[in-house]
Amino acid sequence: MKFKRLICCLTASIFITAGCTITETGQSEGSGEAEISVYAMDTVMNLKAYGSNAESALREAEREILRLDSQLKRGSENSEVYKINSGGAAEISEDTAEIVSRALEISRLTGGAFDISIAPIMDLWGFYGNNFRVPAAEEIGMTLPLVGYENISVDGCAVSVKNEAKIDLGGIAKGFASDRIMEILRRNNIESGIISLGGNVQTLGEKPDGSKWRVAIQNPDGGAYIGTVGISDMAAVTSGGYQRFFERDGMVYHHIIDPKTGYPADSGVKSVTVFSSDGTLADGLSTALFVMGLNEGLEYWRNHGGFDAVFVTDDNKIYVTEGIESVFESEFDYEIIKREMIK
Ligand code: AMP
Ligand code: MG
């Protein structure tokens, strides 16, 4: 198996361009604008909202993020995911049951490219606790049978796992949390806001001046953005090998695993950004499409719809699906993919 040599930096995959940067913490009470930073789900999250009660809405969002984080944290003995993984079955909250159900639905739709039972393989590669190592092929071969989303079932608030399967929600939890934040902001009558949960960007309505939010897609090799997209009421989620990786003997091993092989996905893409009004779907799909690669990913897009995507391939080509053609801007060459172009 061949692995890419990458020169890159470990920063968030998507930034909000100048004019709506959300990197500072603070709020000016009563000004109708509030901004907070929260550390959760192993990342810094920036939240910004406009409206007379923006500050209290963001504080409610912060509480929700921290609550979800403590429920979903795989490594914490008090979490519900820990309960499932250590007991094989557990009665859990509606939220955790919902996220596991959504994850299983995306697994089925993507033919297992997305699979939350990837935990034993993540562990083997040392991604838990940053004890990175390159496992022997035999170890991967022995561990791979433990992976299979079919081993996980949800019935109401009861989750059970068979065949020693273990769950890792890292590929979808931030998308789920960002959908939740949007719900909270809407319930608080906030009409305009933008959040960035470590690269998962989600926007509510338009900017206060009525224009679209401009979200920039990071260049996987660092340097200038590969492009920007104008969005409203939409999530933009990037999965990229450059976001988390380690290096051994000149080879780069990243954190998105192909559940069929047990190795970091080597599908010919450096990053995939998915745009959808459904943040949970965008998160699950960005991971899945990264595993699938360009051709299979585009075929999936043509057959399912409900989202748009920007692919950056290993040979630095940029492909943009037609739904965002009119709002995508780039200084680089790129190809617009139309549905009828795909076999
Ligand atoms: P993302 O950055 O959203 O693409 O998610 C990557 C994270 O999801 C990894 O750090 C793992 O925790 C988990 N993961 C890795 N490979 C997969 C996969 N094929 N399906 C589901 N989750 C995965
Ligand atoms: Mg994801």
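Student: How many aromatic pairs does a search of the whole structure find?

Tutor: The model is a predicted one. Two rings count as a pair if their centres lie within 6.5 Å. By that criterion, the search of the whole structure gives 10 aromatic pairs.

Student: Are the rings of W125 and Y253 stacked, edge-to-face or tilted?

Tutor: The ring centres of W125 and Y253 are 5.4 Å apart. Planes under 30 degrees apart count as stacked and those over 60 as edge-to-face. The planes of W125 and Y253 stand at 35°, so the pair is tilted.

Student: How many residues apart in sequence are the parts that W125 and Y253 tie together?

Tutor: W125 belongs to the loop between α4 (119-124) and α5 (137-143). Y253 belongs to strand β14 (residues 251-254), so the separation in sequence of the parts tied together is 128 residues.

Student: Which polar side-chain atom distances to an oxygen atom of ligand 1 are found for D168, S239 and H255?

Tutor: D168 and S239 are among the residues that come nearest to ligand 1, of the 17 around it. A polar contact requires N or O atoms within 3.5 Å. For H255 the distance to a ligand oxygen atom is 3.1 Å. For D168 it is 2.8 Å, and for S239 it is 2.6 Å.

Student: What percentage of the accessible area of ligand 1 does the protein cover?

Tutor: On its own, ligand 1 has 500 Å² of accessible area.

Student: In β7, which residue is the bridge partner of E91?

Tutor: β5 and β7 (residues 158-161) run antiparallel and are joined by 3 bridges. The partner of E91 in β7 is A158.

Student: Which residue in the turn between β3 and β4 has a positive phi?

Tutor: Strands β3 (residues 33-40) and β4 (residues 43-50) run antiparallel, joined by 8 bridges, and Y39 stands opposite V44. They form a hairpin with 2 residues between them. The turn residue with a positive phi, of about 50°, is M41.

Note on methods:
Residues are numbered from 1 along each chain as its sequence is written. Chains are lettered from A and ligands numbered from 1 in the order in which they are written. This is a predicted model: local features need pLDDT of at least 70, side-chain atom pairs count only at pLDDT 80 or more; totals for chains, interfaces and linings use all residues. Side-chain values use heavy atoms; hydrogens and water are left out. Two strands pair if DSSP finds at least two bridges between them. Helices (H or I, at least four residues) and strands (E, at least two) are DSSP runs, numbered from the N terminus. A residue is near a molecule or strand if one of its heavy atoms lies within 4 Å of it. A polar contact is a pair of N or O atoms within 3.5 Å; within protein, one must be able to donate a hydrogen and the other to accept it, and residues adjacent in sequence count only if both atoms are side-chain atoms. Accessible areas come from the Shrake-Rupley method with a 1.4 Å probe; for residues, only the protein chains shown count as cover. Rings of Phe, Tyr and Trp (its six-membered ring) pair if their centres lie within 6.5 Å; planes under 30 degrees apart count as stacked, over 60 as edge-to-face and the rest as tilted.
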